[in-house]
Amino acid sequence: MTSTPPGIRHSVRLRIALLALAVIVAMGILLTRLWILQIYEGKAYASKLRNQTTISLRLAGARGPILDKNGVGLAENRAMFEIDLYLDELVRDFPRRHKGKTPRIEVQRMMGGILFSEKNQTFTKSS
């Protein structure tokens, strides 16, 4: 039976300790970043989420379902379309695209059954 020299055992323990330290440091970095995103910057992300609106629209398929000879459905069409509209970007970019001419309106959004009315420097309620 052979035994390992003490210098090699010490080297292996040092490597394991360094690896453990590296893992602990990496976990610390990840946990710190998670804390920053969820706690420190969480309110900013929550407000961005509240300013987004999703509208579901059901469109009929272009063809009917595929049936077998007994009338049992084998396949059906499901049309899927997704459109993203960012109102804040449209409001911000409108003056540049239309040479400074901005409409005089009040922006209203319906989110979760609540009507939000927004007035800013370039948008006012028309009479």
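Predicted model: local features only at pLDDT ≥ 70, side-chain atom pairs only at ≥ 80, totals over all residues.
I started at Leu21, which sits in helix H1, a helix covering residues 6-40.

Is Leu21 buried, exposed or something in between? I looked up its relative accessibility and got 49%, so Leu21 counts as partly exposed; the cut-off for exposed is over 50%. Together with Leu14, Leu18, Val25 and Ile29 it makes a nonpolar surface patch of about 480 Å².

**The record.** The entry, an unreviewed one, lists residues 12-36 as "transmembrane region". I then went back to the model to see how that span is built.

**Aromatics.** How many aromatic pairs does the structure hold? I found 1. The partners are Trp35 and Tyr40, with ring centres 6.3 Å apart and 25 degrees between the planes. I logged the pair as stacked, because planes under 30 degrees apart get that label. Then I checked how open the two residues are. Trp35 has 48% relative accessibility, so I put it down as partly exposed. Tyr40 reaches 62% and therefore goes down as exposed.

**Whole chain.** I zoomed out last. I count 3 helices and 4 strands in the protein. Read from the N terminus, their order is α-α-β-β-α-β-β. Of the 127 residues, 6% count as buried. For contacts, I looked at pairs at least 6 apart in sequence: 17% of them join residues at least 24 apart.

Note on methods:
Residues numbered from 1 in each chain as written. Heavy atoms only, no water. Helix = DSSP H or I, 4+ residues; strand = E, 2+ residues; numbered from the N terminus. Buried < 20%, exposed > 50% of the residue type's maximum accessible area, 1.4 Å probe, protein only. Contact = heavy atoms within 4.5 Å. UniProt positions renumbered as here; feature names shortened; annotations may be inferred. Phe/Tyr/Trp six-rings, centres within 6.5 Å; stacked < 30°, edge-to-face > 60°. Patch = residues over 30% accessible without salt bridge, like charges linked within 9 Å, V, L, I, M, F, W, Y side chains within 5 Å. Areas by Shrake-Rupley, 256 points an atom, 1.4 Å probe, with all protein chains shown as cover. Salt bridge = Lys/Arg side-chain N within 4 Å of Asp/Glu carboxyl O.
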